[in-house]
Amino acid sequence: MSSVFRILLRRLGISVIVLIGVSMLIFAIARVIPGDPARIALGPNATAEQVAAIRTEMHLDEPIVAQYGHFVTDVLRGDLGTSLYTNRPVTQDIVEFLPATLELVIFAGLLMVALGLPLGILAARHRARWPDHVVRVLTLLTVSAPSFVWAVILMLVFAFYLPLFPVAGRIDDSYEIARVTGFLTVDTLIAGRFDAFLDVLHHLVLPAVALALSGIGQAARLTRANMVETYDKPYIEMAQAYGFAPGRIARRYAFKPSLIPSLTIIGLDFAAMLGNAFLVEAVFAWPGLSRYGVAVILRKDLNAIMGTVLVIALTFLIINIIVDLLIAFLNPRIRHSTRAAT
Amino acid sequence: MTDLLDIRGLTLGFRGLNGYTEVLHGIDLSIARGERVALVGESGSGKSVTARIILGLLQETRTARVAGRVNFDGRDISSMRARPRAALRGTDMSMIFQDPTSSLNPTFTIGRQFAEVMRRREAGLSQKACEARATAMLEEVSIPDPARVLSAYPFQLSGGMNQRVMIAMALVNNPKLLLADEPGTALDVSVQAQTLTLMQDLVARHNTAVLLISHNLGVVREFADRVYVIYRGRIVETGPTAAIFDRPGHAYTRALMAAVPRITGAGLPEVPEVSDDFLAPMVTHPEAT
Ligand SMILES: Nc1ncnc2c1ncn2[C@@H]1O[C@H](COP(=O)(O)OP(=O)(O)OP(=O)(O)O)[C@@H](O)[C@H]1O
Ligand SMILES: [Mg+2]
């Protein structure tokens, strides 16, 4: 059995345990906070019989352990119940709102990697010279404010005072794009509407940058720190003694080995964007899962809360598994855990 | 024919927090083509920095001040620009290091590192040609299964194996000068001895000149044609190996020899005390002909 496969199996096992733990915790918390979900859903004019009927239907009058049992059996059948807020199956709501959030988070993650790593490499390669100082100031700036503050600042500056970008939403209302995946970047291309695709990107820029900024700074600082440490390794001196160009040494000899320790943290930062997306979506009126999540929490919509939390936890775990596999792929010590020759 | 390497009046200093410290105070050193020369001295005497200057690395360090003339293969590398100087490294001169395993890139296979080195000489060398050359070279350092070693990562090989790989890599481009900074002292004594025999054998076959840096007089006696003894940034004695070992003329050389551990290769000879005699003028033995 290859070691990568072993890592995958182990991580999947851990993920299942984490999912069970998270679901129990949220299940309990959602039920102990005050307020009767049936009453909130039906409104003050509903009769006591109507409320009681809903409570029975939702098993709310049974002990909490029995309720959790019902929940698990339903989930295993792929049924997350009905949302009292939208009156639709929770799965349907998630399918509708999750793609917008994922699109935003993935875009922000790409920005984090595409800008943060090169900035870190630049700083490490010219350590203690001016590019390093410039990068240090920039990264300090980005991590000095949380993403929702950046969202407000970016919106004010680049959408309001300088109307370069749209203020809100995912796409201009004038476009009619058939929904296929829910990812508008993909759907517009499927529809063959390149103009709409550009409009989607245009809408994505500000929220994605706001969400990514602190991650870009973190990735740059981490990359620099790990690379500077690697620059002291004997194999860097050997590469210099062999006359390799400084840029090549930076990328292949200093960056690549130091990426392995950086990657775990960058992966966690990426996953943390899922949480920060809640606030950024609120600022930019982004019709994603976060907005839905906030709405259902305020209404104590139990099924919808559980569904949202489970999906976000699942996404988090999937990102972590992908990062672990990437590390295994990059690190030959994990990939080839046997000795080839001695 | 002129010497391959000719260093005259080399000084080196570092600018640091507490001002300027001179580390080399005017070194003269030369190596003929194919000659094996040793540079011996205690820790901190300036052996490694001399090698780094020959490679042209210290000239690119901002805090270092290098002055004097360093002629390599008829060209003055001290006045060269960074680019042409870098072009000499890995082609006409190469270096092997103390600890082979940590001197190889942990994320590349041996084969890939070989290819990188060979492409220093011939940029467009094909994958196949690289493999063939590397295999031949690994066979030359008596590695029994070159194909397996080429596809392995450094951490999958023993220290002794990596040592052979590093020697093979250093010689694959047929350099004119090989710098060996305490090769294999990070490995155990028997491997160290093997390394030396192997190196001796190979440089003779390739007619490569060697500058061997060592603490170990036993090793030097075995390996070198000529010896320079360095003490605190000054050459204190130089001459043919036999002459120096038979009639050491400088107080420091004599102290160094007295401090040689009896069991070959074990530990570093620490000169027991510092004497004013160590600062006496340089002793030069006439060339034996
Ligand atoms: N980058 C640097 N900055 C400041 N001082 C340095 C630097 N590199 C070397 N030195 C100093 O130069 C002197 C000579 O160092 P070098 O490494 O050449 O010693 P060495 O003879 O190789 O010793 P060893 O046998 O321990 O390897 C030492 O005093 C060292 O502290
Ligand atoms: Mg040294």
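**Entry 1: the ligand site**

Which residues surround ligand 1? I looked this up in a model that is predicted. I found the residues around ligand 1 to be Phe14(B), Val23(B), Glu42(B), Ser43(B), Gly44(B), Ser45(B), Gly46(B), Lys47(B), Ser48(B), Val49(B), Glu182(B) and His215(B). Sorted by class, this shell holds three nonpolar, six polar and three charged residues. I then asked which element of chain B gives the largest share of the shell.

I next listed polar atoms beside the oxygen atoms of ligand 1. For Ser43(B), a polar side-chain atom lies 2.5 Å from an oxygen atom of the ligand. For Ser48(B), an N or O atom of the side chain is 2.7 Å from a ligand oxygen. For Ser45(B), a polar backbone atom is 3.3 Å from an oxygen atom of ligand 1. I also looked up the cover on the ligand: taken alone, ligand 1 exposes 640 Å², and the protein buries 58% of that.

**Entry 2: the interface of chains A and B**

How many residues of each chain are in contact across the interface? I noted 28 residues of chain A in contact with 32 residues of chain B. The size of an interface is often given as the accessible area lost when the parts come together. For chain A and chain B I recorded a buried area of about 2800 Å², with 57% of it on carbon and sulfur atoms.

I then turned to the polar side of this interface. Eleven residue pairs are in polar contact between chain A and chain B, both residues being at pLDDT 80 or more. The rule finds three salt bridges across the interface. I looked up the pair Glu116(B) and Arg248(A), which forms a salt bridge with its closest N and O atoms 2.5 Å apart.

On the side of chain A that touches chain B, the elements giving two or more residues are helix H10 (234-241), helix H11 (246-283) and helix H14 (332-335). By class, I recorded 14 nonpolar, five polar and nine charged residues on that side of chain A.

**Entry 3: chain A**

I read the secondary structure of chain A as 14 helices and zero strands. The C-alpha trace of chain A spans about 85 × 60 × 40 Å along its principal axes.

A search of the whole structure gave me 25 salt bridges over all chains. I looked up the pair Arg11(A) and Asp324(A), whose side chains meet in a salt bridge at 2.1 Å, N to O. Arg11(A) lies in helix H1 (residues 3-32) and Asp324(A) in helix H13 (residues 302-330) of chain A, so this pair ties together parts that are 313 residues apart in sequence.

**Entry 4: Glu287(B)**

Where does Glu287(B) lie in chain B? I placed Glu287(B) in the segment after strand S11 (283-284) of chain B. Leaving out residues up to four places away in sequence, Glu287(B) touches Arg226(B) and Pro240(B). I also took the C-alpha to C-alpha distance from Glu287(B) to Ile110(B): these two residues are 42 Å apart in space and 177 residues apart in sequence.

Notes. Residues numbered from 1 in each chain as written. Chains lettered and ligands numbered in written order. Predicted model: local features only at pLDDT ≥ 70, side-chain atom pairs only at ≥ 80, totals over all residues. Heavy atoms only, no water. Near = heavy atom within 4 Å. Polar contact = N/O pair within 3.5 Å; in protein donor to acceptor, adjacent residues only side chain to side chain. Areas by Shrake-Rupley, 256 points an atom, 1.4 Å probe, with all protein chains shown as cover. Helix = DSSP H or I, 4+ residues; strand = E, 2+ residues; numbered from the N terminus. Nonpolar A, V, L, I, M, F, W, Y, C, P; charged D, E, K, R; others polar. Contact = heavy atoms within 4.5 Å. Buried area = accessible area lost by both parts, 1.4 Å probe. Salt bridge = Lys/Arg side-chain N within 4 Å of Asp/Glu carboxyl O.
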